[in-house]
Amino acid sequence: MTTIFTLFELLYTIRYHFLLLVVGWISWQQWTSYQRLAQFNGPTLAAFSSLWMASAVGSKKMYLKLYDVSIRYGELARAAPNILLTSDPDLIQRMNAARSPYTKSNWYAGQRAEADRHNLVSTRDEEEHTRRRAQMEIGYSGKEIDGLEGLINKHVLALINLIRKKYITTGSDLKPFDFALRASFFTMDVITDISFSQTWGCLESDSDVADWFKTQETVMPAAIQISTIPSLANLLRIPFVGKMVMPSDKDEKGAGKLLGIAKSIVEKRFATQGHEEWRDMMGSFIRRGVTKEEAVTEAVLQIVAGADTTATTIRATTLYVITNPSVYHKLQTEIDSFTPSNAIITDKEATSLPYLTATIKEGLRMWPPTTGLLSKVVPPAGDTFKGRFIPGSTEIGVSFWALERNEVIFGEDATMFRPERWLEADGERLENMERTLGLVFGSGKYSCLGKNIAWIELGKVMFNLFKNFEFTLIDPSNPWNSRNVGLWLQKEMFVKVNDHVHTK
């Protein structure tokens, strides 16, 4: 007992020295962390703590917070103790190049659907990423999906029929149409149909099946917040923590419900004789060696990535069009003057219409569907870019809002929605514009595999919606409920819909 009391007495005596030692150690860690990237300017708090980044995500306006940093501090600025933020297209392409020594950061690890299994996006293992990408590239291209355009046409028609059946306003009988929600219904039904030949059924029921979109409003912000803050991202790597917070296929709603359905579909597919011959995305993956377990987690990724991003572009482009009378008139004139070969325009026909194509490009530029950091890790030896040395192991994220509003590339009116810029530019300037716009889909070894299908969807749905209907915002002062956490949470874009009377 005497020995124990003596020990406590000693600890009590040196308690202040011990406290000073701890404070000193923490201060030293913070100082050395600050010094590593001291040459790069940014918000003061960001140099010492991840709290600034956490606050940006929590504000639901992360894209504007990152944009402000890029505008105030330049194309390579500091956003956290070990994170730089860039809006330089050259640096982004350098990091994403096929033989780039840059690798994925912990941000990606937070994008997995299952606690104990990574998907194509979340895996940080470069060899595994290359292997999985090779297995899935053909499937995502749509080349092995029989009747791809016909499948998309079916859902474009379903959307048109839904609007005509329930939401046409006549006279003073206003029938508000939530364009934001139905855009999500459309893309969800398309991606589930082409992914595993089983549509989610949102358009048919005109409802949020299994509360998927409602659940996303709470799940997505938490997932992005965790992946953005290094200390939280590291927690997910602990197996029992991951299992506690990640979706389970036993859940009855939301992401877990989707995971359970994907698991059921995959198990039935693998149990079917000749399952590898199915002509959909999953069939293509299986033919190239994707295992049953891998197929489950990839199926969830297909839906989350494919449905949300394309729906965002449909919503934002439509909003820009119907709030710009000049653009609306020019687009409507081009659409009215063209007669497609079938009820739904073909992809070849849609891409031949210059103003429609320019409008979609401009919508994509003005409202990038993905605004998360997508940060990469600088190789251990560091890198020198445009005369500035970047220490090894630094993470570099992207400010897409600033990237796509670069006045040098897009002109002094880059903050304005003006589709004509794509028709006026030529030569090297147009090449730079196209190259920079393409970065919203990634590039090099990290490019989006499904972008070709997204373009087909966009051309078809935009043409046919404006061919059939006229859209008017019900409340221009409050056009929608739009929040951002790296991906978009958008709803309540209420419009009045009238049948369009073609004039020539």
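**Cores, rings and a hairpin**

Mentor: Begin with the largest nonpolar core, which has 86 residues. I163, F179, F466 and F471 have the most contacts inside it. Such a core is a set of buried Ala, Val, Leu, Ile, Met, Phe, Trp, Tyr and Cys residues joined through side-chain atoms within 4.5 Å. Buried means under 20% relative accessible area, exposed over 50%, partly exposed in between (1.4 Å probe, protein chains only). Helix 16 gives the most to this core, 14 residues. Helices (H or I, at least four residues) and strands (E, at least two) are DSSP runs, numbered from the N terminus.

This is a predicted model: local features need pLDDT of at least 70, side-chain atom pairs count only at pLDDT 80 or more, and totals for chains, interfaces and linings use all residues. Residues are numbered from 1 along each chain as its sequence is written, and side-chain values use heavy atoms, with hydrogens and water left out.

Trainee: Which residues does F466 touch?

Mentor: Contact means heavy atoms within 4.5 Å. Leaving aside residues up to four places away in sequence, F466 touches T318, V321, I322, Y328, L331, Q332, I335, F471 and H500. A second, separate core has 25 residues, including L66, L85, L403 and L489.

Trainee: How many aromatic pairs are there?

Mentor: A pair of aromatic rings is described by the distance of the centres and the angle of the planes. Rings of Phe, Tyr and Trp (its six-membered ring) pair if their centres lie within 6.5 Å; planes under 30 degrees apart count as stacked, over 60 as edge-to-face and the rest as tilted. The count is 21 aromatic pairs. Y63 and W367 form a tilted one, 6.1 Å centre to centre with 45 degrees between the planes. Y63 lies in helix 4 (residues 62-73) and W367 in the loop between helix 19 (354-366) and strand 5 (376-377), so the pair ties together parts 304 residues apart in sequence. Both Y63 and W367 are buried.

Trainee: How are Y320 and F417 arranged, stacked or tilted?

Mentor: Y320 and F417 are stacked, at 4.8 Å centre to centre and 10 degrees between the planes. Y320 is buried at 17% relative accessible area, and F417 is buried at 5%. Ring pairs link Y63, Y320, W367, W401, F417, W480 and W488 into a cluster.

Trainee: What joins strand 1 to strand 2?

Mentor: Two strands pair if DSSP finds at least two bridges between them. Here four bridges join strand 1 to strand 2 (residues 83-86), and the two run antiparallel. They form a hairpin with two residues between them.
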